[in-house]
Amino acid sequence: MKSQYTNELKAGQSVKEVFFLSRKTVKDKKDGGLYAIMVFTDRTGNIDGISWDGESLSGITPGDFVFVTGNIAEYSGRLQIVVHAMNRVDDREVDAADFLPRY
């Protein structure tokens, strides 16, 4: 069971949690490297994410469950996860109830 949900995250908080990767876009940095802009989802909503090391995320695609380690920061008035590490999680290790919206 998850211990951190998107609607409970606050700026300055550290994150070590599983999320559903809804979207990932890799872009070029001015210095020639890559960075990734992402959206993470769970049953409570979405939160944006950014990784300044886009190269390390090449095997991870939208639709994957991922274990994210990072910090919560505020950017342009919105919270986002600044991702330090992200690894794919096997679907069988995830409790679907943590990711299905509650009505």
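This is a predicted model: local features need pLDDT of at least 70, side-chain atom pairs count only at pLDDT 80 or more; totals for chains, interfaces and linings use all residues.
**View 1. Asp42 and Lys2 form a salt bridge.** The closest N and O atoms of Asp42 and Lys2 are 3.7 Å apart. Asp42 sits in strand S2, residues 34-42. Lys2 belongs to the segment before strand S1, which spans 14-28. Asp42 and Lys2 are both buried.

**View 2. Asp98 pairs with Arg43.** Their side chains meet in a salt bridge, with 3.9 Å from N to O. Asp98 lies in the segment after strand S5 (78-89). Arg43 lies in the loop between S2 and strand S3 (45-51). The pair therefore ties together parts that are 55 residues apart in sequence. Asp98 is buried. Arg43 is buried too.

**View 3. Asp48 forms a salt bridge with Arg78.** Here the closest N and O atoms are 3.3 Å apart. Asp48 is in strand S3 and Arg78 in strand S5. This pair links distant parts of the chain, 30 residues apart. Asp48 has 22% relative accessibility, so it counts as partly exposed. Arg78 has a relative accessible area of 51%, and the cut-off for exposed is over 50%. Arg78 is therefore exposed.

**View 4. Lys2, Glu17 and Asp42 make up one network.** Salt bridges that share partners join these three residues. In total, the model has 7 salt bridges.

How values were computed
Residues are numbered from 1 along each chain as its sequence is written. Side-chain values use heavy atoms; hydrogens and water are left out. A salt bridge is a side-chain nitrogen of Lys or Arg within 4 Å of a carboxyl oxygen of Asp or Glu. Helices (H or I, at least four residues) and strands (E, at least two) are DSSP runs, numbered from the N terminus. Buried means under 20% relative accessible area, exposed over 50%, partly exposed in between (1.4 Å probe, protein chains only).
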